[in-house]
Amino acid sequence: MILPNDKNAALAAQYIRALVISTTFVSIGISSAVAKNSDTPIQFAKGAITSTTTGKLSPNENEHWYRFDAAIQQYAVINISPLAGTPETANVGVLHMPNGTQDGTKGGIIYQGCLPTTGKYRLRIARNLMATQGKTAGYKVEVMILPKYASESLCKPA
């Protein structure tokens with residue numbers, strides 16, 4: 001029981017609890033943006049500007065993570081399409097930027113634009129949980145990243 005003269009102590013305890021909770025949420029957010037060792041690297045052949053990756057989510061999987069390095073003001077396009085021979089399509093794509101922002105959508109071109117910063121980018125491919133029957137979900141991801149010199153005209157400030 002809190003006595004009237006203990007109001008300051010009770011208030012301090014509430015602030016500490018709020019601080020601990022908010023710190024936990026911030027650390028969870030930061031750790032989700034940092035590349036993980038379990039992420040699958042997206043590899044580009046020497047001199048290539050595109051890379052295509054295919055994958056499948058088993059019935060008990062909801063997502064798979066990829067990673068790649070890119071530089072600020074490189075123009076990128078990321079497209080997700082169905083994988084032939086699979087009963088469902090993992091059609092949700094979200095690009096997590098090194099600066100903590102993210103962008104994405106369902107199916108088709110999930111990102112198109114100039115990358116905002118230099119560093120490790122993480123790409124989350126997932127099934128649409130509102131439209132799944134829990135079967136194997138396949139996907140094909142095409143990532144195109146133009147070199148800096150080819151991105152200049154597309155990434156000029158307006």
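## Terms and their tests

Guide: Strand 1 and strand 3 run parallel and are joined by 2 bridges. This is a predicted model, in which local features need pLDDT of at least 70 and side-chain atom pairs count only at pLDDT 80 or more, while totals for chains, interfaces and linings use all residues. Residues are numbered from 1 along each chain as its sequence is written, and side-chain values use heavy atoms, with hydrogens and water left out.

Visitor: What makes strand 1 and strand 3 a pair?

Guide: Two strands pair if DSSP finds at least two bridges between them. Strand 1 and strand 3 have 2 bridges, so they meet that rule. Pro41, for instance, stands opposite Arg67 in strand 3.

Visitor: How do you know what counts as a strand or a helix?

Guide: Both are DSSP runs numbered from the N terminus: helices are H or I with at least four residues, strands are E with at least two. The protein has 2 helices and 10 strands, in the order α-β-β-β-β-β-β-β-β-β-β-α from the N terminus.

Visitor: Why are strand 1 and strand 7 said to stand at the edges?

Guide: They belong to an open sheet of 5 strands with the order 1-3-9-6-7 and mixed pairing. Strand 1 and strand 7 (102-106) each have a single partner strand, so one side of each has no neighbour in the sheet.

Visitor: Which strands pair with strand 10, and in what sense?

Guide: Strand 5 runs parallel to strand 10 and is joined to it by 2 bridges. Glu142 in strand 10 is the bridge partner of Thr52 and also of Asn79. In general, strands of a sheet pair through backbone hydrogen bonds, either parallel or antiparallel.

Visitor: Why is the link between Asp39 and Arg122 called a salt bridge?

Guide: The term requires a side-chain nitrogen of Lys or Arg within 4 Å of a carboxyl oxygen of Asp or Glu. For Asp39 and Arg122 the N to O distance is 2.6 Å, so the name applies. The structure holds 4 salt bridges.

Visitor: Are Asp39 and Arg122 buried or exposed?

Guide: Buried means under 20% relative accessible area, exposed means over 50%, and partly exposed lies in between, using a 1.4 Å probe and protein chains only. Asp39 has 3% and therefore counts as buried. Arg122 also has 3%, so the term buried applies to it.

Visitor: What makes Lys120 and Asp69 a salt bridge, and how is each residue classed?

Guide: Their closest N and O atoms are 3.2 Å apart, so the pair passes the distance test. Lys120 is in strand 9 and Asp69 in strand 3 (residues 63-70), 51 residues apart. Lys120, at 41%, is partly exposed, whereas Asp69, at 51%, is exposed.

Visitor: Which parts does the salt bridge of Arg127 and Glu88 tie together?

Guide: Arg127 and Glu88 have their closest N and O atoms 3.2 Å apart. Arg127 lies in the loop between strand 9 and strand 10 (137-145) and Glu88 in strand 5 (residues 88-89), so parts 39 residues apart in sequence are tied together. Arg127 has 5% relative accessible area and is buried; Glu88 has 10% and is buried.

Visitor: How do you know that Cys114 and Cys155 form a disulfide?

Guide: A disulfide is a pair of cysteine sulfur atoms within 2.5 Å. The sulfur atoms of Cys114 and Cys155 are 2.0 Å apart, so they qualify. Cys114 lies in strand 8 (residues 108-114) and Cys155 in the segment after helix 2 (148-151), so the pair ties together parts 41 residues apart in sequence. The link is left-handed, with -100° about the S-S bond. At 24%, Cys114 counts as partly exposed, while Cys155, at 10%, is buried.
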